[in-house]
Amino acid sequence: MTNELVKIIKNDDGDILPNVEQEWCLVDANPSLDVARVLCTQAVLDIDTNAEWEEKSVARGGITCDKCITIIKAYKAVKL
Ligand SMILES: [Zn+2]
């Protein structure tokens, strides 16, 4: 399993995000989603959106978005 990451360059309104807001987010790994979404914003990653993004897969780490990291830590704290 690899980390599928995405960096939003333009949002769905077609606005280019400032450099400081262009961070690497996790593609939501929820298997019940019908479309790929950014974990922290739930922004849809499909051809119908005006958004533009970069993608990469890494073996571990790579996430620079604080909101995504906070969400992942919260899930990891769940005891199964
Ligand atoms: Zn994020």
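Two strands pair if DSSP finds at least two bridges between them.

**Figure 1. Overall view of the predicted protein, with its strands and helix.** This is a predicted model, in which local features need pLDDT of at least 70, side-chain atom pairs count only at pLDDT 80 or more, and totals for chains, interfaces and linings use all residues. Residues are numbered from 1 along each chain as its sequence is written. The protein has three strands and one helix (DSSP runs: strands E of at least two residues, helices H or I of at least four, numbered from the N terminus). Starting at the N terminus, the order of elements is β-β-β-α. The C-alpha trace covers about 40 × 30 × 20 Å along its principal axes. Of the contacts in the protein with a separation of 6 or more, 58% join residues 24 or more positions apart (contact: C-beta atoms, placed from the backbone, within 7 Å).

**Figure 2. Close-up of strand E1 and its two pairings.** E1 and E3 pair in the antiparallel sense over seven bridges. Three bridges join E1 to E2, also in an antiparallel run. Which residue of E3 is the bridge partner of Leu5? Look for Lys56 in E3. Val6 stands opposite Glu55 in E3. Val6 also stands opposite Cys25 in E2.

**Figure 3. The largest nonpolar core.** Buried residues make up 12% of the 80 residues in the protein (buried: 20 or more other C-beta atoms within 10 Å of the residue's own; exposed: 12 or fewer; partly exposed: in between; C-beta atoms placed from the backbone). Nine residues form the largest nonpolar core (a set of buried Ala, Val, Leu, Ile, Met, Phe, Trp, Tyr and Cys joined through C-beta atoms within 7 Å). They are Leu5, Val6, Ile8, Cys25, Val38, Leu39, Ala51, Cys65 and Cys68. Strand E1 (residues 3–10) gives the most to this core, with three residues.

**Figure 4. Ile8 and the residues around it.** Ile8 belongs to the largest nonpolar core. Residues up to four places away in sequence are left out of its list of contacts. Which residues does Ile8 then touch? They are Leu17, Gln22, Val38, Ala43, Ala51 and Trp53. Two partners of Ile8, Val38 and Ala51, are themselves members of the core.

**Figure 5. Gln42 in the loop between E2 and E3.** Gln42 sits in the loop that links E2 and E3. Its phi is near 60°, a positive value in a residue other than glycine. Most residues other than glycine have a negative phi. Is Gln42 buried or exposed? Gln42 counts as exposed because it has 11 C-beta neighbours inside 10 Å.

**Figure 6. Thr70 on the helix.** Thr70 lies in helix H1, which covers residues 66–76. Thr70 counts as exposed, because 10 C-beta neighbours lie inside 10 Å. Find Asn3 as well: Thr70 and Asn3 are 67 residues apart along the chain.

How values were computed: Two residues are in contact if their C-beta atoms, placed from the backbone, lie within 7 Å.
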